[in-house]
Each structure stands twice: as C-alpha cells, then as structure tokens.
Amino acid sequence: MSEASGPLEDLLDLLDLERVEQDIFRGESRSALVPRVFGGQVAAQALVAAGRTVPDERPAHSLHAYFLRPGDPGVPIVYTVDRIRDGRSFTTRRVVAVQHGQPIFHLSASFQAYEEGLEHQGGMPDAPDPETLETAAEMLPRHLPPDVARRLVEARAAVDLRYADAPPWGTVGQPREPHSQVWFRTNGKLGAEPAGSLLHLCLATYVSDMTLLDSVLLAHGRGGWAVGDVVGASLDHAMWFHRPFRADEWLLYDQESPSASGGRGLGQARIWTRDGRLAVTVIQEGVVRVPRAR
C-alpha cells in the first residue's frame, strides 16, 4: 500500500492505463501550465504501455522518443504497441500515441533480462542537501506572478522538486553558466514497488521533461515559458536506465546545455541516487524561440 499524497495518487491513476485490446491502451490527461499535454506525461504513459507487454523480470534499459504534434488535454490518448522483437536477452517495443486520428508521439523502448557484466561510472557532482533547499511552494511565489506560481505548483504537486540554484525565471536578464541542478522525489511513498520496477522508471520519465531545457535558458538570461520570453516545446527525448532506483527517494538531476542553434536547444543530464550511484542518463532537444516583436 502506498502512502501517496492526493496529487501523487492522481498521477498514479494517470499512469494506470486502460487496456483496450491486447496491445492497445488508453490514457487520460491532466491540465498543464500550457494548453497542451505535458510531454513527460505522454512519454511516461507510452513507457507504461510498452512495459505492460514485457515480463516484469525484463526492465527497460533505454527509450528514444519523438514529439510529433501537441497533445490535446481534452481527449484520451490511444497507445498502440508493436512487439518488434522478443530475444533471449533483449525485448524491443515501439509505441505510437494517437489523438484525432493522427500520431502525436513515437517511442521505441528496449528491455533486458538481468545479467552480470563490467561495471564502472563517473563521480557524482557536488550538490547541496535537498533538505536545505526551499520547496516549490515556498520558492515560486517569490519569482513569478501569483497566478502563474499557483498553476505551476499545482501542475507539479505530485513531485517534491527543489532547485539547488535560482531557476531561469529567478535570474531573468542575467546570463549564466548553462548548468542547473534539482533534487526530486515523489510526494509520498510508493509502498512495496521494488527499486527499478516499471513504475519507478515511468515516474522518473515523467519528471525528466520538467526542467531539462532550463540550462538552455540560463545561458541567455531567459526566464522561459513561465514568464513568456521564449516559446518552445520538446522535440525528442532519450533515456538510458543504468541502475535500479526508487522515485520516492531523493534523486539529483544534474543538467547542462552544450549547444543551442537554429531555434533549438540541447539539454543533457544525469540522474544520481543520493548515495552516489548513476541511475539514468537523459538527452533532449527542444524548440527554443524568442517571440517576434509585434
């Protein structure tokens, strides 16, 4: 039994897709800060759909996805799973998310049976302890208009997400190093779900789309979509799951942007467990445009 908050229970319900046919699933949406479906939701639901067709003893080790069209939060999303390959060690699935008869999202995911192998990783970066940092509810009202702050807090209420440094909207007009860190965990415990299970991977996928392009904005002193000095959207998203983790325990999301050009910005990141294990690598490119003067 989980000890989830109301918002976390709502998110867990969102990820509990309805099975329509053997390999067809249907999911609902929740309101977001912008009038389209939050990309992290679509990616997480697609991974749920893929994982529901794979044995539990084969967890996902990677996903690669493209955002094709904005999602409509007012209608369900249908996820169709193609069973591309079932091998002795690896399983591959392809998922297409459809609304209004058109694909809005593609995901390919690979799953692997556990095996022993070579082991190494880099060192975890320094970061302040999460308990020393402000919660979103404490921090956001100091940087954003009340209505925007309220809606952003509500949209992220299922997650305890804490910025190690000022977020983009906290330093508008002050370009700085394109690097940012946040700690995150679910707002409530997830009960007996084992570390590395599909639920923990899907929750990390959901959160991974919240802040990854922040570092692009920091390099140019832009506040982002919350303040309206840029417009943008996710284009593609890739994740590699290296080691088991729990999404209800503190995870450090260390993010940077190596490049922006052509109206696009690239973010790359690593997710670390609190005890220093590299859990996930994430790379995302998104549209990042400065609005044209009227």
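Biologist: Hi! How many bridges join β11 to β14, and do they run parallel or antiparallel?
Modeller: In this predicted model, β11 (residues 231-241) and β14 (residues 278-289) are joined by ten bridges and run antiparallel.

Biologist: Nice. Which residue in β14 stands opposite V231?
Modeller: That would be R289.

Biologist: And what holds paired strands together in general?
Modeller: Strands of a sheet pair through backbone hydrogen bonds.

Biologist: OK, zooming out: what is the strand order of the sheet?
Modeller: The sheet is open, has twelve strands and pairs antiparallel, in the order β2-β3-β5-β6-β7-β4-β11-β14-β13-β12-β9-β8.

Biologist: Which strands stand at the edges?
Modeller: β2 (18-21) and β8 (159-163) do; each has a single partner strand, so one side of each is left without a neighbour in the sheet. From one strand to the next, the twist averages 25°.

Biologist: Switching to helices, which strands does α2 lie across?
Modeller: Helix α2 (residues 39-51) lies across β3, β4, β5, β6, β7 and β11, and runs at about 50° to β7.

Biologist: What about α5, which strands does that helix touch?
Modeller: Helix α5 (residues 198-211) packs on the sheet and touches β4, β8, β9, β11, β12 and β14. The direction of α5 makes about 145° with that of β11.

Biologist: One more: which residues of α4 are buried?
Modeller: In α4 (residues 146-155), the buried ones are V148, A149, L152 and A155. They cover an arc of only 130° around the axis, which puts them on the same side of α4.

Key
Residues numbered from 1 in each chain as written. Predicted model: local features only at pLDDT ≥ 70, side-chain atom pairs only at ≥ 80, totals over all residues. Heavy atoms only, no water. Pairing = 2+ DSSP bridges. Helix = DSSP H or I, 4+ residues; strand = E, 2+ residues; numbered from the N terminus. Axes fitted to C-alpha atoms, helices over the stretch in contact; angles between N-to-C directions. Contact = heavy atoms within 4.5 Å. Buried < 20%, exposed > 50% of the residue type's maximum accessible area, 1.4 Å probe, protein only. Arc of directions from axis to C-beta.
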